[in-house]
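Subject: Structure handover

Hello,

I am passing on the structure we talked about. Please look through it first, then read the notes below.

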Amino acid sequence: MQITFLGTGTSTGVPAIGCDCQVCRSEDPRDSRRRTSALVSIGRQRLLIDCGPDFRQQMLDEGGPWPDAVLITHSHADHIGGLEDLRPLPADHSPMPVYCRHDVASDLRRRLYYCFTDNPYPGIPEFNLIEIKEFTPFHVGETEVMPLAVMHGKLPILGYRIGPLAYITDCSTLPEQTLEMLHGVDTLVINALRFKEHHSHMNLQQALDVINIVKPRRSYLIHMSHSIGLHRLTSLTLPEGVHLAYDGLTVEI
């Protein structure tokens, strides 16, 4: 198994439009963060977690492999804004399987209404929306996926555990049952927006507190704003086994 971080930034991306801070002006490519998304590969199978507005360029930069299915955490624009760009996939032109909560499926049918009409325009993307629930595992091919309950402020969303990997983004708090289901995970991916507290995202210390509870072998931080600081400097402050993820990083699990 491996995970490729297609994007590691918050909803504004980094650099942020109109910002002149040292992070947004940085020439270190690790400080340039597209909207958060990841591609998990298990053998020949590829699962895309979220599909934000940078998806097209992320895929062009990666050059493949292409996703076979999509796991959506929630329906905010920075996590679903690239679904239109799944138009040429899959290669056999079958509808793309999209796994999501009931409320997300309803949002997608409303926001991408033209994809779900009785007489769709030729060439539009086709989706097979498959509704899932937290703590109810499902299979994509032979791969078991466990959806995890996550709170994004007051909004319930999903994280995912796929064998030794757990992926959580846009989290502010985690229910006790989710924390219990994270125990024993090898690699934990979790959001850390900035140093200061935020009403709907964990800051760095809150993410480190979860990591200390779960005790994975290693952790990668995602969904970071420019307020997380320069990659080369903030990385030096992190505990052993905790890393700032960056766009294009591939990790073997």
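A definition comes first: two strands count as paired if DSSP finds at least two bridges between them. Strands of a sheet pair through backbone hydrogen bonds, either parallel or antiparallel. Please also keep in mind that this is a predicted model.

Seven strands make up an open sheet with mixed pairing, and their order is E6-E5-E4-E3-E2-E1-E14. Strand E6 (127–131) and strand E14 (250–252) are at the edges with a single partner strand each, so one side of each has no neighbour in the sheet. On average, and with direction ignored, neighbouring strands here are turned by 20° against each other.

Within this sheet, strand E1 (residues 2–7) runs antiparallel to strand E2 (residues 37–42), and five bridges join the two. One of the residues involved is Gly 7, whose bridge partner in E2 is Ser 37.

Helix H1 (residues 55–62) touches E1, E2 and strand E3 (45–49), and its direction makes about 130° with that of E1. Helix H3 (residues 102–111) touches strand E5 (96–100) and E6, and the direction of H3 makes about 155° with that of E6.

Another open sheet of seven strands has mixed pairing and the order E7-E8-E9-E10-E11-E12-E13. Its edge strands are E7 and strand E13 (242–244), each of which pairs on one side only. From one strand to the next, the twist averages 25°.

Strands E9 (residues 155–162) and E10 (residues 165–168) run antiparallel and are joined by three bridges. Ile 162 has Leu 165 as its bridge partner in E10. Helix H5 (residues 204–214) packs on the sheet, where it touches strand E11 (187–191), strand E12 (218–222) and E13. The direction of H5 makes about 155° with that of E11.

Aromatic pairs

There are four aromatic pairs in the structure. In one of them, the rings of Tyr 99 and Phe 138 have centres 4.8 Å apart and planes at 15°; planes under 30 degrees apart count as stacked, so this pair is stacked. Tyr 99 belongs to strand E5 and Phe 138 to strand E7 (residues 138–140), so the pair ties together parts 39 residues apart in sequence.

The largest pocket

The volume of the largest pocket is about 150 Å³. Residues lining this pocket include Arg 87, His 93, Tyr 121 and Glu 126. The lining divides into seven nonpolar, three polar and two charged residues.

Regards

Conventions: Residues are numbered from 1 along each chain as its sequence is written. This is a predicted model: local features need pLDDT of at least 70, side-chain atom pairs count only at pLDDT 80 or more; totals for chains, interfaces and linings use all residues. Side-chain values use heavy atoms; hydrogens and water are left out. On a 1 Å grid over the protein atoms alone, a cavity is a set of points where a 1.4 Å probe fits but cannot get out, and a pocket is an open set with protein on both sides within 12 Å along at least five of seven lines; lining residues have an atom within 4 Å of a point. Grid points are joined across faces, edges and corners, and a volume is the space filled by probe spheres set on the points. Ala, Val, Leu, Ile, Met, Phe, Trp, Tyr, Cys and Pro count as nonpolar, Asp, Glu, Lys and Arg as charged, and the others, Gly among them, as polar. Helices (H or I, at least four residues) and strands (E, at least two) are DSSP runs, numbered from the N terminus. Axes are lines fitted to C-alpha atoms, for helices over the stretch in contact, and angles run from 0 to 180 degrees between N-to-C directions. Contact means heavy atoms within 4.5 Å. Rings of Phe, Tyr and Trp (its six-membered ring) pair if their centres lie within 6.5 Å; planes under 30 degrees apart count as stacked, over 60 as edge-to-face and the rest as tilted.
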